[in-house]
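User: I would like to go through one protein model, a few questions at a time.

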Amino acid sequence: FLNLTLCPSCYRKINCYYNLPNHMFISSYGHSDVGFVREKNEDSFLVDDEKGIYAVADGVGGLPFGALASRLAVQFYGSYIQSSTDHATDDELRRIAHSIHQNIITCGCIVGGENGIGCTFSGLRRVGEKLVFVHVGDSSIYLKDGNGLRKVSKCHTLGDELIDKHGPEAAIDMPEHYMHTLTRCMGQDIDFEVDIGDIDLLPGSSILVCSDGVTNMVDLEEIEKMISSMEPEAFVHAIIDLANQNGGTDNSTAVCLKIS
């Protein structure tokens with residue numbers, strides 16, 4: 001493994017605290033669980049407050065070596081960014097995302113044959129008093145602030161893109177699998193645009209990055225209620241436990257940041 005700020009024994013959980021400018025303070029926690037149905041955990045995550053980077057990646061179903069793809073994504077992300085000031089512009093982060101993509105393609109040709117390997121990727125980068133995000137796939141980034149809980153990322157699935165194009169009525173007769181059919185991911189040899197956006201870091205706000213194993217099993221109302229009343233470590237464990245209690249049909253991974 002690369003020398004990332006992750007648990008060196010299990011690579012699965014981390015709890016960090018970091019001072020921000022203007023006397024703000026960030027606390028963060030990440031954890032991943034295999035669930036009750038899947039034999040392997042194909043999710044990976046990164047929490048590194050010192051560098052100001054966070055990420056969740058989820059191996060693409062139907063392709064081999066999903067765990068490898070997701071782990072490579074977060075490891076490459078951590079290795080490209082060496083300090084808190086390194087690669088802080090939108091263009092630099094976009095180039096990093098495409099470099100990660102190309103590296104996974106190369107690795108996929110070696111281990112996955114002609115089908116290759118693939119994963120979703122949602123990465124955050126702290127830049128001053130903002131978080132810039134780079135996003136590909138159907139993991140989710142949420143912001144909880146004074147306006148409530150809202151999703152700031154888009155899901156790159158066939159179903160979501162049809163709804164964006166044709167409106168909610170497109171979902172009426174849509175086959176269910178459309179909502180799980182990815183149109184963009186890391187590692188497959190196709191061109192795509194990386195979504196770039198930013199989030200203001202304001203006292204009292206919380207950020208959640210999670211795989212679809214969480215959002216498919218837990219209502220947003222529950223997520224909002226829990227994230228409002230819990231610190232990151234307690235919240236992350238509670239949300240993953242709830243996903244498991246509701247069936248645990250997929251791997252569940254969550255990274256939470258709170259600003260105070």
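Analyst: Buried residues of H2 include Leu93, Ile96, Ala97, Ile100, His101, Ile104, Ile105 and Gly108. Buried means under 20% relative accessible area, exposed over 50% and partly exposed in between, with a 1.4 Å probe and protein chains only. Helices (H or I, at least four residues) and strands (E, at least two) are DSSP runs, numbered from the N terminus. This is a predicted model, in which local features need pLDDT of at least 70, side-chain atom pairs count only at pLDDT 80 or more, and totals for chains, interfaces and linings use all residues. Residues are numbered from 1 along each chain as its sequence is written, and side-chain values use heavy atoms, with hydrogens and water left out.

User: Against which elements do the buried residues of H2 pack?

Analyst: Contact here means heavy atoms within 4.5 Å. By that rule, the buried residues of H2 pack against H1, strand S5 (119-127) and strand S6 (130-136).

User: At what angle do the axes of H1 and H2 cross?

Analyst: Axes are lines fitted to C-alpha atoms, for helices over the stretch in contact, and angles run from 0 to 180 degrees between N-to-C directions. The axes of H1 (residues 66-80) and H2 (residues 90-111) come within 10 Å, and their crossing angle is roughly 140 degrees.

User: Which residue takes a positive phi just after H2?

Analyst: The phi is about 70 degrees, and the residue just after H2 that takes it is Gly113.

User: Is Leu162 buried, partly exposed or exposed?

Analyst: Leu162 lies in helix H3 (residues 158-166). Its relative accessible area is 27%, so Leu162 is partly exposed.
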